[in-house]
Amino acid sequence: QRVLQATGRVTLFTVVLSGGLFYYVAHKDRTPGPQLPHDPSKKNLVILGSGWGATSLLNSLEAEDYNVFVISPRNYFLFTPLLPSVATGTLSPRSIIQPTRYVTRHMKRQVTVIEASATDVDPINQTVTFAGKYFQNTSEVQGLVSSTTMKYDYLVYAVGAETQTFNIPGVRENACFMKELDDAEKMQRRFLDCVESAAFPGQSKEEVDRLLHMVVVGGGPTGVELSGELHDFLEDDLRSWYPELADSIKITLVEALPSVLPMFSKQLIDYTESTFKAAKIEIMTKTMVKEIKEKSVVLQMPDRTVAEVPCGMVVWAAGNTLRQVTRDLMAKLPAEQTNRRGISVDESLRMNGAQGVFAIGDCTATSYAPTAQVAAQEGAYLARVFRQLARRDRLAEELDDARRVPDDSAERKAKVEGLERQVAKVEKIRPFKYSHQGSLAYIGSDKAIADLPFFSSGNLATAGVATYLFWRSAYLSKLFSLRNRALVATDWIKVKIFGRDVSRE
Ligand code: FAD
Ligand code: NAI
């Protein structure tokens with residue numbers, strides 16, 4: 001009995017202590033302290049974007065060295081790896097976003113966050129022009145100023161990429177994308193529209209089959225993860241609430257290349273294909289989407305014949321392309337910016353040909369894949385670069401002052417030489433080096449695949465339920481805030497207990 005009592009006390013103590021600690025950290029997050037104001041003597045650092053690259057930079061940046069401005073059409077960071085989970089109702093949309101101000105309000109000097117899209121960057125005059133989000137597509141008046149131009153000393157260009165459509169007819173009009181939060185919410189609505197329409201009395205068998213045929217285009221990680229999540233939704237929830245329809249729901253993954261997930265090892269590709277086969281997700285490789293119509297998708301089959309396949313929903317996950325503002329910027333530096341894949345940068349991530357511009361993430365053309373992992377490491381690297389540049393500026397100022405002193409003494413000479421050496425030292429910026437931490441992808445049925453470069457002999461390829469648990473904890477740890485971790489973990493527990501919500505907004 002005494003052992004039981006002691007265990008009870010220890011448990012109670014641990015729960016109260018962790019609860020108190022959790023409350024303390026959450027409270028500290030919610031109550032940022034006062035900040036230094038902008039200082040006209042400091043340089044202007046403008047950051048375009050609030051995605052992986054920009055947020056990682058902000059998380060490590062010492063803002064007191066600069067007047068920092070963040071310009072992005074989203075006033076939040078989006079944790080893209082969990083976007084397919086939002087599309088299928090496993091996670092609530094708010095759980096995977098973090099307002100940018102939650103980061104910037106904790107920095108030592110005030111950081112100005114502006115919800116706007118950069119429309120033009122002038123690398124010669126070092127200016128950026130941006131327009132308020134609400135002025136672009138609507139006539140709604142939200143304020144008096146619609147567009148403005150700002151001068152920068154340093155610009156971090158981290159606007160990411162947009163979805164590649166290859167100008168294939170009907171993609172923009174008829175398909176759902178999987179890039180932004182809106183896309184996931186739209187897909188969820190569309191999916192439930194199809195299911196409810198199929199449940200409407202009197203639909204023909206043919207129409208039910210069409211409505212319940214979900215086509216995912218693109219066998220990259222986005223398409224594969226989404227197909228897996230759609231399958232989970234079907235098996236875990238729809239089978240209970242729509243028993244008469246569940247067997248008619250069909251998921252097809254279309255990929256133009258000979259296999260899905262070309263960046264993973266053969267073993268993991270085989271594992272994914274066999275998992276999908278068991279889950280009755282059809283994979284059509286060497287098949288190219290040629291057109292998307294309102295109620296069908298036109299495919300060019302491996303034997304080059306063309307087939308029109310009826311479907312209720314198409315999700316387009318066929319990769320990235322550059323944003324127009326990036327193309328325009330590159331066009332201004334035709335001699336240096338010749339890579340059609342994206343912005344060319346040097347080893348310190350400076351945009352070739354542009355003074356004071358650094359470019360990171362999906363908008364660049366480097367030897368790295370366009371992933372969150374790369375963008376985040378580049379952002380963290382730039383925070384170190386800016387620390388070094390600030391130090392160099394401080395030393396250069398000191399050097400100027402020391403040189404100006406009208407004194408020929410050996411002491412002064414030594415001081416000047418010492419400062420010159422220090423300036424020369426900080427002038428050298430260590431090149432960016434990417435450290436690959438491995439690739440993970442969730443493939444549905446509580447399974448995930450991972451390529452982990454932990455062993456010198458090569459990649460460790462793992463798959464299965466343990467990897468899936470690893471996937472969950474890895475993503476929980478990668479979420480930037482305690483708040484997001486708590487929200488995502490709660491959503492996962494909620495879904496395990498109560499299932500996904502199938503009500504339509
Ligand atoms: P983004 O994160 O896209 O950020 C770009 C920012 O720029 C956004 O805030 C945007 O609003 C803003 N912006 C856009 N236009 C303008 C403008 N004109 N002016 C100013 N700002 C602008 N990678 C992984 O490593 N692991 C994963 O598991 C993974 N899963 C993914 C799942 C999905 C569904 C998707 C779509 C991608 C996934 N990725 C993953 C890839 C990863 O999200 C990208 O590589 C990463 O977001 C790139 O970071 P970025 O900062 O370059 O761009
Ligand atoms: P992707 O570029 O990796 O894959 C798109 C696929 O669509 C390609 O395989 C392409 O052949 C195919 N495709 C293009 N046009 C087609 C057509 N007309 N018909 C049929 N197939 C067509 O794009 P994805 O998956 O969006 O990934 C983008 C980046 O984000 C990649 O670098 C990826 O590694 C990263 N990412 C990583 C994840 C992870 O590590 N878990 C998850 C999601 C994305």
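A residue belongs to a shell if one of its heavy atoms lies within 4 Å of the ligand.

1. A friendly word on the basis: this is a predicted model, where local features need pLDDT of at least 70, side-chain atom pairs count only at pLDDT 80 or more, and totals for chains, interfaces and linings use all residues. Residues are numbered from 1 along each chain as its sequence is written, chains are lettered from A and ligands numbered from 1 in the order in which they are written, and side-chain values use heavy atoms, with hydrogens and water left out.

2. Polar contacts are pairs of N or O atoms within 3.5 Å. For ligand 2, a side-chain N or O atom of E255 sits 2.6 Å from a ligand oxygen, and a polar side-chain atom of E225 is 3.3 Å from a ligand nitrogen. Taken alone, ligand 2 exposes 840 Å² (Shrake-Rupley, 1.4 Å probe), and the protein buries 80% of that.

3. Ligand 1 has 28 residues around it, with G53, T80, A118, D362 and Y475 nearest. One ligand oxygen is 2.8 Å from a polar backbone atom of G53. A polar side-chain atom of S72 lies 3.3 Å from an oxygen of ligand 1. Of the 990 Å² that ligand 1 exposes alone, the protein buries 90%.

Note on methods. Polar contact = N/O pair within 3.5 Å; in protein donor to acceptor, adjacent residues only side chain to side chain.
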